[in-house]
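Please look through the sequence and the structure shown here before reading the report that follows.

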Amino acid sequence: MLTQVLLIAAMSSALYMLLALGFTLIFGILRIVNFAHGEFVMIGAYAVFALTSGLGLGYAAALPLAALLAGGLGLLAERALFRRYAGDELGGMIMSLALAITLQGAAAVLFTIDQQSVERPVTGVLRIGDAVLPKDQLFVAGFALAAVAAFHLLVQRTRFGLALRAVAQDPETLRLQGVSPRRLYPAAFGIGCLLAGLAGALTAPLYTIHPYMGETAILKAFIVVVLGGLGSVPGAIAASVLLGVTEAAVSTWLGVTAATLTSFVAVMAILLVKPTGLGGRA
Amino acid sequence: MSARIRSFAAAAAGPALLAALVLLPPLLGRPFHYHLGILVGINALLALSMQVMLRINQLSLAQAGFMGLGAYASALLTRDIGLPFAAALPLAGLLPALLAGALGPVLLRVRGVHFVLLTFALGEVIVLVFVEWVSLFGGNNGLLDIPPASLFGTALRAKPAFYALTAATLLAALALCRWMTRGERGMIVAGLAGNEPLLQSLGVDALPHRCALFAFSAFLAGLAGSLYAHYFGYISPEAFGFWTAVNALIMGVLGGVTLLLGPLTGAVLLVPLPELFRDAIAYQRLFYGLALMALLLFLPRGLLGVLRASKGSTP
């Protein structure tokens, strides 16, 4: 029982990291709370659905294409809609709500509001002791962890990552070094949306796909990001593990609503006591 | 002389617009128009409650949760305790106001985007409590058989009667908001939005005023909830979730955030849309979102804001 709970916790933590990283990156760079983040998850899922059952592509080809599509749309959204709101937190938030409504509406028009599903690329279960692990969930968790590791390397080890960290920490100083923070906005927004799309594409075979599926995703991303501190990448990673473990434990013993309630109360407590979150910076 | 006429026109435009909007359902006269009028009134109340907070530059997403508290309080007080509606309506406003007033000193220390996130979480917590506390709130099924509104022993079952009640409540709320933004009180509100340190330096303690406004906004949301509960006779938690708050916010933004009649104008424009375009239901959300984005891009100050600016009466 305990092993099972821990394994479920580990798998959902990996997914939460992927959901939250893009959200926190976009806030860290553009100071925009992107309420449409869940809709980019939805785009990733629908892209996999359209590419596999519409064009007959294999899942292995559809997965990266779906993530790239979400990232590309994110780039466009930054250009057309969000650029002007850099620094205007309230305005950017309202625009992201409008974008969320539009994307939900577009998905409902293109794919109807019926639930769709994608065939599982991996099947079967793995047994460790008395714990039973579905292989498809293991694949998702493994892939998500690999993507998080790649993102970590990008941010920590490349010149581009250095510039990203510099914008988040001190845009003025970066400007003094001759780099305009604005030049990084499209890339940051695109990468954030690409990560969201990847999360959607990865989980598409696990859950049903529908135009309003983004809401669950954004709730998880929201909880993780607030707990970890808005804009903090290490904070988001730590908070994902925290959320994964508490959720698995509370929902096993008290039920799913109680688990959600617990996490929101925790979110309120964090915002009140330490608004910068566990990760430290605001 | 012409300047005088113009200033008279500017002064009369608001009341004239208000009178025209309020009299529209009785002039059209069909039950469906009264139904739309009631929905507009309830939504305008919620949008107005959100505007009270926006006036001091704080976006509260908990307003839908406060509306839910008002709705559940009003339903339980009349249905299970047997209180008359005339007593339940003000109590439905006071209960969320008390909660907001009690939480205010803690919540309102948080500013900006963190306040939005905090009130978002509070709204979710309120709705989840409705879902989880089944014995009192009926869980996901909500509450059924809520008695109709009644005043002076007469049940307001007919739509025109309930519309009159909604319109009267909205007008009273508008009058309260107008009173709040005039004179010294209005200057304090403007100061809270514009330059709080300056306000503090003039010897005004800001926090109690902010708390009072938060409580007042929750009061308006609670009234909207009570009207909602007694009009439909049935309530369930999902009616008071995140998207209800977002829709109210959008109505306020559409009409113009800083103008008294902004929320009502936004509600008049948006609430009938789903009712009128039932045939194009698949496209409704897409058009709604696109229209909203266009509005934010091209008319960032709202429709009334544009009219007002073209007359040159606001800076």
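## Two helices of chain B

In this predicted model, the residues B:Ile250, B:Met251, B:Gly252, B:Leu254 and B:Gly255 of H11(B) are in contact with B:Gly262, B:Pro263, B:Leu264, B:Thr265, B:Gly266, B:Ala267, B:Leu269 and B:Leu270 of H12(B). Sorted by class, the residues of this contact between H11(B) and H12(B) comprise 8 nonpolar, 5 polar and no charged.

Helix H11 of chain B covers residues 242-255 and helix H12 of chain B covers residues 262-270, and the two pack with their axes 7 Å apart, at an angle of about 110°. Because angles of 65 to 115 degrees count as roughly perpendicular, H11(B) is described as roughly perpendicular to H12(B).

## Where chain A touches chain B

The contact between the chains draws 29 residues from chain A, while chain B contributes 28 residues. On the side of chain A that touches chain B, at least two residues come from each of helix H4 (89-111) and helix H11 (256-273) of chain A. Of the contributors to that side, H4(A) gives the most, with 15 residues.

The side of chain A that touches chain B can also be described by residue class, and it then has 23 nonpolar, 5 polar and 1 charged residues.

## The overall form of chain A

Chain A has 11 helices and 2 strands in its secondary structure, and when these are read along the sequence they follow the pattern α-α-α-α-β-β-α-α-α-α-α-α-α. The radius of gyration of chain A is 18 Å, which is close to the 19 Å that the globule rule gives for 282 residues, so chain A is as compact as a globular protein of that length.

Of the 282 residues in chain A, 52% are buried. Among the contacts in chain A with a separation of 6 or more, 76% are between residues 24 or more positions apart.

Strand S1 of chain A (residues 125-128) and strand S2 of chain A (residues 131-134) run antiparallel and are joined by 4 bridges.

Key
Residues numbered from 1 in each chain as written. Chains lettered and ligands numbered in written order. Predicted model: local features only at pLDDT ≥ 70, side-chain atom pairs only at ≥ 80, totals over all residues. Axes fitted to C-alpha atoms, helices over the stretch in contact; angles between N-to-C directions. Parallel < 35°, antiparallel > 145°, perpendicular 65-115°, else oblique. Contact = placed C-beta atoms within 7 Å. Nonpolar A, V, L, I, M, F, W, Y, C, P; charged D, E, K, R; others polar. Rg over C-alpha atoms; globule rule 2.2 N^0.38 Å. Buried ≥ 20, exposed ≤ 12 C-beta atoms within 10 Å, placed from the backbone. Pairing = 2+ DSSP bridges.
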